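Here's a walk through a model you can follow on screen.

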Amino acid sequence: MKPEHKAEMKARRRNVALTVAYDGTAYHGFQRQSPPITAVQNVLEEKLAMVFGDSIELAASGRTDAGVHAYGQVVNFFTNGRIPIERVAQAVNSLLPPDITVKEAWEAAGDFSARHSAKAKTYIYRIQQGETPNPLTARYAWYERRPLDTARMQAALHLLEGEHDFSAFRAAGGAPMSPIRTIYEAKVEECPGDILEFTLYGNGFLYHMVRNIIGTVANVGLGRISVERFGQILASLDRQQASATAPACGLYLYKVEY
């Protein structure tokens, strides 16, 4: 192909964005893995390539871990495929397994990036309470038999709001980036089915940050850590002072804002 034709093809490439929901139980996280390990990205790229008749390489708003779920993961990719945008969701969903769904598809601007254009994210985390575990929520919530004090946990969560260095809740192994983040809202609510639902809304999150926060907040709810001590842990910038990471099954990427 002549260089001018290659340039023309590149200029015509569409930037397609999708909102995707998935049950992460069966997958080794979102990020593409080498066989025989399967991640959500592997499955999505394979089915999108069939629909668009083109090689597909996704960029995502974030790389959810193994067992983590999503209501509103956002991805984008460039393609020469010509399928009308209004037919994309239905066409891809007809090929996807039932634990992955494309909720929405749209034509994005050429400079849109699902990862770099994101302005804020909302994560939710669910804990199931009660004398016995509920088998119908076992894959979707962390079970804790002992009662958690929601008032104490809400007081601790309130300390997270605003701009802070979240090094105390940052796991090793993540991408190098500033630990300074702003949390706009952090709350816990009692929901039907003996579920406690935590919501963290902020401009960005570090590797395992939400799960490390929840693991520590749960110990506040159990009376093992005082609200004052929780504030000291945040200020310490020391991951060793915070509690163990909460299980992946209770975490959901709920929404990404642009």
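**Starting from one asparagine**

Leaving aside residues up to four places away in sequence, Asn-219 touches Arg-224, Ile-225 and Ser-243, where contact means heavy atoms within 4.5 Å. A word on the ground rules: this is a predicted model, in which local features need pLDDT of at least 70 and side-chain atom pairs count only at pLDDT 80 or more, while totals for chains, interfaces and linings use all residues. Residues are numbered from 1 along each chain as its sequence is written, and side-chain values use heavy atoms, with hydrogens and water left out.

Asn-219 sits in helix α5. Helices (H or I, at least four residues) and strands (E, at least two) are DSSP runs, numbered from the N terminus. With a relative accessibility of 13%, Asn-219 counts as buried; the cut-offs are under 20% relative accessible area for buried, over 50% for exposed and in between for partly exposed, with a 1.4 Å probe and protein chains only.

Now look at how α5 packs. Helix α5 (residues 209-221) and helix α6 (residues 227-236) have axes that come within 9 Å and cross at roughly 160 degrees. That makes α5 roughly antiparallel to α6. Axes here are lines fitted to C-alpha atoms, for helices over the stretch in contact, and angles run from 0 to 180 degrees between N-to-C directions. Angles under 35 degrees count as roughly parallel, over 145 as roughly antiparallel, 65 to 115 as roughly perpendicular and the rest as oblique. On the α5 side, the contact is made by Thr-216, Val-217 and Val-220, and on the α6 side by Val-227, Phe-230 and Ile-233. By class, that is 5 nonpolar, 1 polar and no charged residues; Ala, Val, Leu, Ile, Met, Phe, Trp, Tyr, Cys and Pro count as nonpolar, Asp, Glu, Lys and Arg as charged, and the others, Gly among them, as polar.

Helix α4 (residues 150-158) also meets α5: their axes come within 8 Å and cross at roughly 140 degrees. α4 and α5 are therefore oblique to each other. Arg-152, Met-153, Ala-156 and Leu-157 of α4 make this contact with Ile-213, Val-217, Ala-218, Val-220 and Gly-221 of α5. The tally by class is 7 nonpolar, 1 polar and 1 charged.

What about the rings? Rings of Phe, Tyr and Trp (its six-membered ring) pair if their centres lie within 6.5 Å, with planes under 30 degrees apart counted as stacked, over 60 as edge-to-face and the rest as tilted. The count comes to 10 aromatic pairs. In one of them, Tyr-123 and Phe-205 have ring centres 5.1 Å apart and planes at 80 degrees, so the pair is edge-to-face. It links distant parts of the chain, 82 residues apart: Tyr-123 is in strand β5 (residues 120-129), and Phe-205 is in the loop between β9 (195-202) and α5. Tyr-123 is buried at 12% relative accessible area, and Phe-205 is buried at 14%. Elsewhere, ring pairs link Tyr-71, Tyr-252 and Tyr-254 into a cluster.

Most residues other than glycine have a negative phi, and most peptide bonds are trans. His-208, in the loop between β9 and α5, has a positive phi of about 65 degrees. Leu-237, in the loop between α6 and β10 (251-257), has a positive phi near 60 degrees. Pro-35 and Pro-36 are joined by a cis peptide bond, with omega about 10 degrees.
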